[in-house]
Amino acid sequence: MNYPESGLQDFSATWFDGVSAQRRDAAVAIGRDSVQVRAVDRVSDYRVDTLRLSTPVAGVPLRIALPDGSTLIVRDQDEKVAALLGQPRRSVAYRLEQNLPFVFVALILLGAIMFFAYRDGVPWLAAKVATRVPHAAEAQLGETILKALDHFAFEKSTLPEEKSAEVTDAFDRLVAAADAPALELHLELRHAKSFVGANALAIPGGTVVVTDQLIDEVSGVDKVAAVLAHEIGHQVRRHALVQLLQGSAIALIFGAVAGDISGVGSIAAAAPGLVLRLNYSRNAEDEADRFAYDLLQKTGASPALLGDALEDLVRSRCKATPADAGRDNHDDEDNANAEERSRGCTGKPAKPGTRIGYLSTHPAIESRIANARAAANR
Amino acid sequence: MIPEPSSESGNESVENPGRMESPERVGNAKQVENVESMENPGREESGLPTAERAGPDFANATPSAVAVVPEPLPFSFTGQATPYFRIWIVNFLLSVVTLGLWSPWAKVRKRRYFYGHTWVGGANFEYHGNPVAILRGRLIAAAAFVVYWFVDHLLPGAGPALLLVLLTAAPWIVARSLAFNAANSSHRGIRFGFDGSARAVLAAIWPLFLWPVVLWLSERDPLAIVENATAFIVTTAGLYLVLLCVYPYAVARVRRLTVSHSSWGQTRFLSSMRTKKVYAIYGIAIVLGVAGLVAMAVVGVAGYFVARLVPDIDADTIGIATAVWAGLLYVILVIVVMAYTRSRVGNLVFDTAELADLARFKSRVSARRLARLYAQNLFAIMFSAGLLIPWAAIRVARYRVESLSVQPQAALDSVSSAVTAGASATGEELGEVFGFDLAL
């Protein structure tokens, strides 16, 4: 067991033969195009070009797979060893990971990508996908929701015949102006149970529900039409589906980020995801309002009517018992009502544009009123 | 090139460094010892299937190993937050800019980091998963998910049926996933293996098929609750109760299956886990859960009475305060129950596992410490906007790995030479088609 001829460089390694789990300490001598691996009880020669080196991962020893199924583990100076073997460790991922400036760039880039994906990317993609889903696909979902609501929240409408005919006519005029032939828009009138109160909803599939209470509290069919225009906005923009898609996308993104940490990590990821989702529903309200301004103008009405309608609702709510809360809602969550109610009734309305930001399901009602009037003056 | 008859040479040669005249080698051997004595062991939190977690090691590395009575060998974890952060963030960026196509490579790199930094007996673990195989598996899973999403959201009632369809594929997917992960993991140059069939997996997880039935009943007819509330509540509650009763059974069988169908080379793992021990763990978990729910209810009721009885107080403020406290209690409840069940079940799995006649395992994860770790991680992650995720992952892995040790049943020389490579398929062959990779 004499050493290979002088002039060869050598390094030490741990040698596993791949046959049993026993470990050998080995000295490896590198020749021109062969290497010799020597342990106490065995010596093997290999051609250099038959060696397969593992791609580097920070702090993990270099692993050299030898053609006979055995492996060498090199814990010291693995970079140098790899270079000596003529296979410098060129992994793009490894180099980027080891490059500190790039790590900072990655951090900033990721932050930017996440921000724009959230603000623009996800809504854009969700809208694209939603508009490609046939309306009929939502119909069954809508039917189920309406059936459930009829049991829980609604009773038959008790509106006088002529009043309901008026509202229905107004709705039909809006539908004609909206020019959305693919969408089967139709109106359902209901008397709400007391815990629902004045409300209007856009149900997936094209149904708009408005409650008798809303029609009573909002003085004049023109203003009711403004509220209906807002709901038609939810329908045309496919907000129910869009929000489902956005919610799932956010959940997926957070799931992917938190994928590393099981269990509790997923709670940490879910909470901000929920908050971010609420902001999307606020955007949907704004969008439906803007749609309503345009639609009202098309029918020759003023966008200010939507502001007036909202004001009527705030006023009547202040008079009513708190239990009578409820306003405009395109699906079955209306968490922001309580907060809006108290704000609208305190006598000191919130400053324009004041929102509790990401926590509000709906935009502050004052700003919605103001926006509607501003739209009328344009 | 012809392998000579093998003999354990490791430690002897350390003691005879002159023989090879290689000073680096001596240094190297010392380093091995350091790693062992400094750290204790751990493994990536749930990234490692139980099979491999259960499966490990030996060694002739420490000088004491030569002694007749073998000492238990602690596992150690050498991963650190900073280097792992670099891997995490760079691969995350690459995954995002490639719209997810890089994610299998990211997965493999991260896994190689955790495995490669898990040591026992002077040798680390290695992960060999082929990212291309994982990508194929993921593309299939993504397609199935998209179909499921649309059906579930747009056709109420059809979701559970589809879930049932997907579930029929589950045993096969689980078996493939366990086999893929095991076959792509190695220690001391010997691969792990898993030979449980889809049929065996089905025999273990069948009680979980009650879940879609429960979903079916509660989702299919949303009006049932209105039309016949009592019957609906009784049926649903009954089904959940049944589910709760069979869940520990399924957990016990799955864990036993993963251990007893796993092998390291040709040496099989055995499990003597008793199902009733798992029931005992979940029994206490249920008590903890109920206590937590009672606490939440107390907060709710208290909030209600404060709002009713104190006239000058704003009902909304009370409502928000009540919701915040109840939410906090809920988070604590989840953390405690999760930490408790994971630590106890994990310990039980290892303590009842054996590498046939060669070694036994000991896991000492404390529920209290794990809960504290989870809580700290939760806050750290939330307040760092997710940037401390790598730090949290490393901390949990270190704790879990370093709570683990292996007790060789014979002199290490004989143990490690008794473990020989399996003659059957290697990871490469198995993993070539689809790399399903579930965290179980």
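What share of the contacts in chain B with a separation of 6 or more is accounted for by residues 24 or more positions apart? In this predicted model, such residues account for 79% of those contacts. The secondary structure of chain B consists of 17 helices and 10 strands, and 49% of its 440 residues count as buried. The accessible surface of the chain amounts to about 19700 Å², with 67% of that area belonging to carbon and sulfur atoms.

Among the helices of chain B is α12, which covers residues 275–309 and thus comprises 35 residues. From its first C-alpha to its last, α12(B) reaches 50 Å, a value close to the 51 Å expected at 1.5 Å a residue. The buried residues of this helix are Val278(B), Ile281(B), Tyr282(B), Ala285(B), Gly289(B), Gly292(B) and Gly303(B). An α-helix has 3.6 residues a turn, so residues three or four places apart point the same way.

Backbone geometry was also examined at two loop positions. Most residues other than glycine have a negative phi. Asp179(A), however, has a positive phi, near 50 degrees, and lies in the loop of chain A between α5 (161–178) and β9 (186–192). With a relative accessible area of 61%, Asp179(A) is exposed, because the cut-off for an exposed residue is over 50%.

In chain B, Ala385(B) likewise is not a glycine and has a positive phi, of about 55 degrees. Ala385(B) is placed in the loop between α14 (367–383) and α15 (389–402) of that chain, and counts as exposed at 73% relative accessibility.

Definitions and conventions
Residues are numbered from 1 along each chain as its sequence is written. Chains are lettered from A and ligands numbered from 1 in the order in which they are written. This is a predicted model: local features need pLDDT of at least 70, side-chain atom pairs count only at pLDDT 80 or more; totals for chains, interfaces and linings use all residues. Side-chain values use heavy atoms; hydrogens and water are left out. Helices (H or I, at least four residues) and strands (E, at least two) are DSSP runs, numbered from the N terminus. Buried means under 20% relative accessible area, exposed over 50%, partly exposed in between (1.4 Å probe, protein chains only). Contact means heavy atoms within 4.5 Å. Accessible areas come from the Shrake-Rupley method with a 1.4 Å probe; for residues, only the protein chains shown count as cover. The expected span of a helix is 1.5 Å times one less than its number of residues.
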